[in-house]
Amino acid sequence: MTQVREISSSLVQARSHNGSPVQSIDLTPWDLQLILHGPIQKGLLFHRPKAKQTYIQHLKDSLSSTLDLFFPLAGRLAIVEHGDSTVSFSISCNNAGALFVHAVAENFTLSDIIDPIYVPPIVTSFFPLNGSKNCEGTSKPLLAVQVTDLVDGIFIGCTMNHSVADGTSFWHFFNSWAEISRGLNRVSKLPAFERWFPEGIKHHIRFPFTEVHQRSDDIIPQPPPDRVFHFTRENIAQLKAKANAEVSNSNNKISSLQALLTHVWRSVISSQRFDPKEDVSFLLTIGARSRISHPPLAENYFGNCLHVGKITMKARELLEEGLGNAALELNKMVALHTEEKLKGLYESWIKSPEFIRSSGFKSNSLGISSSPRFDIYGNDFGWGKPVAGRSGAANKANGKITVFAGAEEGSVDIELCLPFQILETMSNDPHFTVFASI
């Protein structure tokens, strides 16, 4: 008998969708670089609603109303094959519907999910469309929701096509759905769907047909276990102060997040005993929304607006030259991503497309997704705030770091996907745990 049993499955369309104001949305290089990647999978745990018998229908109805505002999520991807062996992708706003699954995990409680040291494997089953890739959005829903009943709570898991939205847009949708669900007459901010293209760039971006067909069948390896480490606001502040104090010319510009991520990076590398001369790398998602002004992006731009930056150092330098030195290098890498550089990378992709893959990182690399700035605990659907957030299996691989805002203001939860032995070594390392709750 499976641990999670599906009760029902249906498609939810936008409630009053009588023809979208926009029929088609062309994808940008920011979107297209993720076409062979997996979707975004994030979800929230809640205490059980009091209206046990009616909340499923209520969530369906509020989702339908939310799709009126986020109508591309009810559509599908459209692919056009051109005569020169290239293809182009767009979003067809056809209101084909989002998938809504109601399931039950009859023997599991909230504490069964949040109390274990390692994230229970059953959490993977709380998300729909497992194993899918973004390029399959031509036939599969761009948005899929699964509501799983637990003994004393529920989990709302959301799978969203990553070629349609990034983390900022994902949580914009989730926050808006929660607002509509709890009865607000209007959402805090409306999405803007016009994609960003620099002057002189054609909207219908083409790339080789073989890229999709030859690479979409990549085998994704089984990810190692993942574990959540909690960092309090006070400990993060100490890390920031320590990093800036170690670097005489930092001028306090190393951020809290940069100091925290560097602390995690150093602990992971220290736990693996690398050759001091070996290169080690850290990949960081850099948002472009606040960095581009000509032409400016809409404040509520809905889509992908990101670039993956990379910093590489010798293991010896990372571990022996202090937290501040590595954190400052991370800060410099981020600062290099000016408007000019981001535009250059954008235009470079059109000439020579490169795709982000789901195959994981090398043993000497770590990569981060998500952000502590996303509003996780403000998602009240009408029966209280979430208890915790968790991610699904999509894009989860060795070396993946997922960052969530913590339940207490200013705190951060770091979900690490690494081999068991490394996670155990880290949890027994006093240099790491002095700042982390395990």
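What follows is a working chat about a predicted model.

Q: Which strands form the open sheet, and in what order?
A: The order is β10-β16-β15-β13-β11-β12, 6 strands with mixed pairing.

Q: And which ones stand at the edges?
A: β10 (226–231) and β12 (306–314). Each has a single partner strand, so one side of each is left without a neighbour in the sheet.

Q: How are neighbouring strands turned against each other?
A: By 20° on average, ignoring direction.

Q: Take β15 and β16. Do they run parallel or antiparallel, and how many bridges join them?
A: Antiparallel, with 6 bridges between β15 (residues 400–405) and β16 (residues 412–417).

Q: What is the bridge partner of Phe-404 in β16?
A: Asp-413.

Q: Helices now. What does α9 lie across?
A: Helix α9, residues 322–335, lies across β11 (279–287) and β12. It runs at about 145° to β12.

Q: What about α6 and α9, how do their axes cross?
A: At roughly 90°, and the axes come within 7 Å. Helix α6 covers residues 233–246.

Q: Which residues make the contact?
A: From α6, Leu-239, Lys-242, Ala-243 and Glu-246; from α9, Gly-322, Leu-323, Gly-324 and Ala-327.

Q: How do the residues of that contact divide into nonpolar, polar and charged?
A: 4 nonpolar, 2 polar and 2 charged.

Q: Changing topic: where is Thr-86, and is it buried or exposed?
A: Thr-86 is in strand β5, residues 86–92. Its relative accessibility is 12%, so it counts as buried, the limit being under 20%.

Q: Which side chain does the one of Thr-86 join in a polar contact?
A: That of Asp-84, at 2.5 Å.

Q: Backbone next. Is the peptide bond from His-294 to Pro-295 cis or trans?
A: Cis, with omega near -15°. Pro-295 sits in the loop between β11 and β12.

Q: What is phi of Arg-273?
A: Near 55°, which is positive although the residue is not glycine. Arg-273 belongs to the loop between α7 (256–270) and β11.

Q: And what is phi of Asn-395?
A: Near 65°, again a positive value in a residue other than glycine. Asn-395 is in the loop between β14 (388–391) and β15.

Q: Buried or exposed, for Arg-273 and for Asn-395?
A: Arg-273 is exposed, at 77% relative accessible area, whereas Asn-395 is buried, at 14%.

Terms used: Residues numbered from 1 in each chain as written. Predicted model: local features only at pLDDT ≥ 70, side-chain atom pairs only at ≥ 80, totals over all residues. Heavy atoms only, no water. Pairing = 2+ DSSP bridges. Helix = DSSP H or I, 4+ residues; strand = E, 2+ residues; numbered from the N terminus. Axes fitted to C-alpha atoms, helices over the stretch in contact; angles between N-to-C directions. Contact = heavy atoms within 4.5 Å. Nonpolar A, V, L, I, M, F, W, Y, C, P; charged D, E, K, R; others polar. Buried < 20%, exposed > 50% of the residue type's maximum accessible area, 1.4 Å probe, protein only. Polar contact = N/O pair within 3.5 Å; in protein donor to acceptor, adjacent residues only side chain to side chain.
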